[in-house]
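Visitor: Hi, can you walk me through this one? I'd like to go spot by spot.

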Amino acid sequence: NRRAITKVITSVISIDIINMHSISNRFNFLAGAYHLAYYFPRNHGNNDVISNYILHFKDNVEPYTAKWIALASREVPRAIKDIDMIVRVLGSSEMEASGRTSLDKLGTTLVKHTNSFYSKSSLRKLKQTRQFKKLSLAERKREVHGLYIFQKPIELLSNSPKILLIDDIITSGTTIKEINRAIKLAIPHSMIYFFSIGKTFDSWRDVNATNTDIELEFHKSVS
């Protein structure tokens, strides 16, 4: 079927022009940090379509979760090579990964494209936390201080592995810094990378931020 073949080719071409945003310069303690889109909070008065799709991913709503995972599965291996292990950030009410969230789906899918493995038991929290969206930056830092514990899994043979930390939305980066501390305490020579679906819009740093390109690609390449 010529029409079907054309559609597949168009999809592949579309996927090739998606570029992840690098925020590595903001997190010099990491080996690299990336995100796919910008998240514009609704209280900014911006009814951004992609921001709504990011929230759908966060809530594990299909088909949006599957679409984001498809995009990430194509882009993450291009930006980050030779990943050994993938772990995810834990939600405020979680003590360890449940294995049932959209981030768990993302982690278990990414391993198929990166020749790595996903661990939902290596990273744990000592307690539940308050929701960050209600806290100031200072309160967030106090909330996560010494919160995470990381245990090196037996499957991880290397003493200097590349570990990918995944999340749905990154805002201040306080949780990333705390998880980095916990992992480096257990594996001092590890190289930690970070990936999130969205990054909360910062009016100072993200003056020209837009989701126009990814909105086109989101519908065109993964629908």
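Predicted model: local features only at pLDDT ≥ 70, side-chain atom pairs only at ≥ 80, totals over all residues.

Visitor: Is N115 buried or exposed?
Guide: N115 is exposed, with a relative accessible area of 73%. The cut-off for exposed is over 50%, so N115 qualifies.

Visitor: What is phi of N115 near?
Guide: Phi of N115 is near 55°. That is a positive value, and N115 is not glycine.

Visitor: Why point that out?
Guide: Most residues other than glycine have a negative phi.

Visitor: Which other residue has a positive phi without being glycine?
Guide: D82 is one, with phi near 60°. D82 lies in the loop between α3 and β3 (85–88).

Visitor: And is D82 buried or exposed?
Guide: D82 is exposed, and its relative accessible area is 61%.

Visitor: What about peptide bonds? Where is there a cis one?
Guide: Go from E62 to P63: that peptide bond is cis, with omega near 5°. Most peptide bonds are trans.

Visitor: Where is P63 found?
Guide: In the loop between α2 (49–58) and α3 (64–79).

Visitor: How do α2 and α3 pack?
Guide: Their angle is about 100°, and their axes are 8 Å apart. Angles of 65 to 115 degrees count as roughly perpendicular, so α2 and α3 are roughly perpendicular to each other.

Visitor: Which residues meet there?
Guide: From α2, I50, Y53, I54, H56 and F57 take part. From α3, the partners are Y64, T65, W68 and I69. Seven residues of this contact are nonpolar, two are polar and none is charged.

Visitor: Tell me about W68. What does W68 touch?
Guide: Set aside residues up to four places away in sequence. W68 then touches L36, A37, I50, Y53, I54, F57, I197, I214 and F218.

Visitor: What about the largest nonpolar core? How many residues are in it?
Guide: There are 59 residues in that core. W68 is among the members that touch the most others, along with L36, V76, L106, F150, L164 and F195. Strand β7 (residues 162–170) gives the largest share of this core, with six residues.

Visitor: Why would nonpolar side chains gather like that?
Guide: In soluble globular proteins, nonpolar side chains tend to be buried together.

Visitor: New topic: K105. Where does K105 lie?
Guide: K105 lies in helix α4. K105 is partly exposed, with a relative accessible area of 31%.

Visitor: What is K105 in contact with?
Guide: Beyond its neighbours within four places in sequence, K105 is in contact with N60, E62, T65 and I69. A polar contact of 3.0 Å joins the side chains of K105 and N60.

Visitor: How many residues apart are K105 and N60 along the chain?
Guide: They are 45 residues apart along the chain. Their C-alpha atoms are separated by 9.2 Å.

Visitor: Last one: T200. Is T200 buried or exposed?
Guide: T200 counts as buried, at 14% relative accessibility. Buried means under 20%, so 14% falls in that class. The place of T200 is in strand β8 (residues 191–200).

Visitor: Which side chain makes a polar contact with the side chain of T200?
Guide: The side chain of T171 does, at 2.8 Å.

Key. Residues numbered from 1 in each chain as written. Heavy atoms only, no water. Helix = DSSP H or I, 4+ residues; strand = E, 2+ residues; numbered from the N terminus. Buried < 20%, exposed > 50% of the residue type's maximum accessible area, 1.4 Å probe, protein only. Contact = heavy atoms within 4.5 Å. Polar contact = N/O pair within 3.5 Å; in protein donor to acceptor, adjacent residues only side chain to side chain. Core = buried A, V, L, I, M, F, W, Y, C linked by side-chain atoms within 4.5 Å. Axes fitted to C-alpha atoms, helices over the stretch in contact; angles between N-to-C directions. Parallel < 35°, antiparallel > 145°, perpendicular 65-115°, else oblique. Nonpolar A, V, L, I, M, F, W, Y, C, P; charged D, E, K, R; others polar.
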